[in-house]
Amino acid sequence: MGKTTPPVASRRPHQFEYHGVTVTDPYAWLKDPHYPTVEDQDVLDYLQQENKYFEAFMAPLQPLVETLFTELKARQVEEDESVPYEKNGWRYQWRYKKDAQYRTWYRAPAGTPEAWQVLLDETELARDHEYFRLGSLAVSPGGHRLAYSTDTSGSERYTLTVIDLTDGETLVTGIENASGSAIWGSDDDFLYTRLSEEWRPYQVWHHQLGRADDQLIYEEADTSFFVGIELTQSEKYVLISAGGHTHNEVYFVPRAGLTAAPTLITPRRDNHEYDVDHGEDQFYIRSNRDHINFDLFTAPEDAPGIEHWQKLISGSDDVYLTDHLKLKDHLVVQERHRGLDQIRIVSGDTEHLIPFDEPAYEADLGTNPNYDTDVLRLNYTSMVTPNTVFDY
């Protein structure tokens with residue numbers, strides 16, 4: 001093979017059958033059956049040939065590559081940090097140090113906001129691995145424990161770990177095939193989701209610190225459905241959502257009793273999508289039951305079935321309801337008016353849209369971890385305004 005002659009993968013006879021249809025794939029040998037671990041020497045040899053060809057082909061352009069890289073790097077800040085937010089008596093923030101490839105996460109007591117402590121150092125976690133990615137992290141309600149997930153192979157299958165923030169002790173390690181963020185019930189137990197062999201989040205499990213065996217809370221049998229968990233803004237319930245591309249259903253369990261049998265809000269049916277938040281003894285449900293652009297309903301927490309839904313805000317051909325957030329004294333509704341983002345604040349019998357001066361922009365809800373608050377965090381950007389965080 002010459003320097004600029006690309007390698008040619010050999011064709012090897014291979015057939016398989018799906019649903020009575022025979023498929024011929026002469027390149028099936030290029031997929032190692034042990035993926036994401038690639039051990040097949042034929043596959044590795046071919047990849048090396050591809051890499052050598054690429055390097056030879058790009059060699060004359062290497063000075064230009066270096067020039068472009070230097071120019072782009074000069075336009076990036078060498079150190080970066082997030083806007084801090086406060087939760088349960090602590091302020092939280094991540095930072096990129098100069099030349100760091102990974103973030104360092106910090107927290108500080110709300111009363112002494114400059115007394116930052118390292119919460120989690122991704123650079124240290126990545127030190128002994130060729131690949132590293134942090135999936136999620138979640139601090140327990142009392143602020144004493146941290147659950148985080150990592151991927152060190154690129155498989156997108158995460159391993160969940162729990163550490164004690166008071167002394168750094170590792171309390172839990174090796175929960176494999178985790179997906180998404182853990183949701184704490186107390187400082188001693190949490191829910192998490194697991195992946196199937198096909199990389200589908202399909203189970204919700206409960207882990208009790210100090211107990212050897214985890215408890216299965218929910219399993220989704222429909223292979224087209226993905227399962228996710230989230231905490232309501234009121235923090236009273238954990239929502240378990242199972243859904244596909246066109247329909248879904250949502251269950252809830254009390255945060256104070258994560259092992260309770262999940263309660264279904266309304267069963268799945270074709271072409272019905274809905275999502276849920278909670279506050280002040282009611283569920284707030286955004287649904288496309290009556291209109292393709294969604295309406296917002298309320299339902300009592302002790303009778304959340306669809307027969308009890310009451311319409312609170314109507315969508316229309318001109319207004320598309322895209323998200324909602326229930327705070328203690330306010331209801332926040334993210335909308336799109338004729339293609340332009342708007343955020344509506346409903347407070348008792350009054351309501352208003354947050355004013356944005358520019359004629360074209362994107363605006364959405366930022367990090368809003370607290371329920372009893374009069375401050376709303378927003379993300380905003382436009383063609384002339386860089387990504388900006390506002391507290392309204």
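How many residues lie between strand 25 and strand 26 in their hairpin, and which glycine in the turn has a positive phi? The views below come from a predicted model.

**View 1. Strand 25 and strand 26 form a hairpin.**
Two residues lie between the strands. The glycine in the turn is glycine 348, with a positive phi of about 65°. Four bridges hold the antiparallel pairing of strand 25 with strand 26, which covers residues 350-353. Arginine 344 has leucine 353 as its bridge partner in strand 26. Strand 25 itself is mostly covered, with six of its eight residues buried.

**View 2. Strand 24 pairs with strand 25.**
The two strands run antiparallel, and seven bridges link them. Here valine 333 has arginine 344 of strand 25 as its bridge partner. Arginine 344 also has a bridge partner in strand 26, leucine 353. Strand 24 and strand 25 make a hairpin with two residues between the strands. In that hairpin, arginine 338 takes a positive phi near 50°.

**View 3. Arginine 338 meets aspartate 318 in a salt bridge.**
Nitrogen and oxygen are 3.4 Å apart. Is arginine 338 buried or exposed? Arginine 338 counts as exposed, because its relative accessibility is 71%. Aspartate 318, at 38%, counts as partly exposed.
Another group of charged residues can be viewed as a network. Salt bridges with shared partners join Arg289, Asp290, Asp295 and Lys311.

Threonine 298 stands opposite glutamine 310 of strand 22. In a regular strand, side chains alternate between the two faces of the sheet.

**View 4. Aspartate 42 and arginine 12 form a salt bridge.**
A search of the whole structure finds 20 salt bridges. In this one, the side chains meet at 3.2 Å, N to O. Aspartate 42 belongs to helix 1 (residues 41-58), while arginine 12 lies in the segment before strand 1 (15-18), so the pair ties together parts that are 30 residues apart in sequence. Aspartate 42 counts as partly exposed at 36% relative accessibility. Arginine 12 is also partly exposed, at 32%.

**View 5. Glutamate 122 pairs with arginine 103.**
The closest N and O atoms of this salt bridge are 3.4 Å apart. Glutamate 122 lies in helix 3 (residues 122-126), and arginine 103 in the loop between strand 5 (90-96) and strand 6 (104-109), so the contact ties together parts 19 residues apart in sequence. Is glutamate 122 buried or exposed? Glutamate 122 is buried, because its relative accessible area is 4% and the cut-off for buried is under 20%. Arginine 103 counts as partly exposed at 23%.

**View 6. The largest nonpolar core has 14 residues.**
Those with the most contacts inside this core are Leu191, Val204, Tyr218, Val227, Ile229, Val238 and Ile240. Strand 14 (215-219), strand 15 (226-231), strand 16 (237-243) and strand 17 (248-254) each give two or more residues to the core. Which strand gives the most? Strand 16 does, with three residues. Beyond four places away in sequence, valine 238 touches several residues, including Ile183, Leu191, Ile229, Tyr251, Phe252 and Leu258.

**View 7. Asparagine 177 has a positive phi although it is not a glycine.**
The value is about 60°. Asparagine 177 is found in strand 11 (residues 170-184). Its relative accessible area is 29%, so asparagine 177 is partly exposed.

**View 8. Tryptophan 199 takes a positive phi near 65°.**
This residue, too, is other than glycine. Tryptophan 199 is in the loop between strand 12 (189-195) and strand 13 (201-208). With a relative accessible area of 32%, tryptophan 199 is partly exposed.

Definitions and conventions
Residues are numbered from 1 along each chain as its sequence is written. This is a predicted model: local features need pLDDT of at least 70, side-chain atom pairs count only at pLDDT 80 or more; totals for chains, interfaces and linings use all residues. Side-chain values use heavy atoms; hydrogens and water are left out. Two strands pair if DSSP finds at least two bridges between them. A salt bridge is a side-chain nitrogen of Lys or Arg within 4 Å of a carboxyl oxygen of Asp or Glu. Buried means under 20% relative accessible area, exposed over 50%, partly exposed in between (1.4 Å probe, protein chains only). A nonpolar core is a set of buried Ala, Val, Leu, Ile, Met, Phe, Trp, Tyr and Cys residues joined through side-chain atoms within 4.5 Å. Contact means heavy atoms within 4.5 Å.
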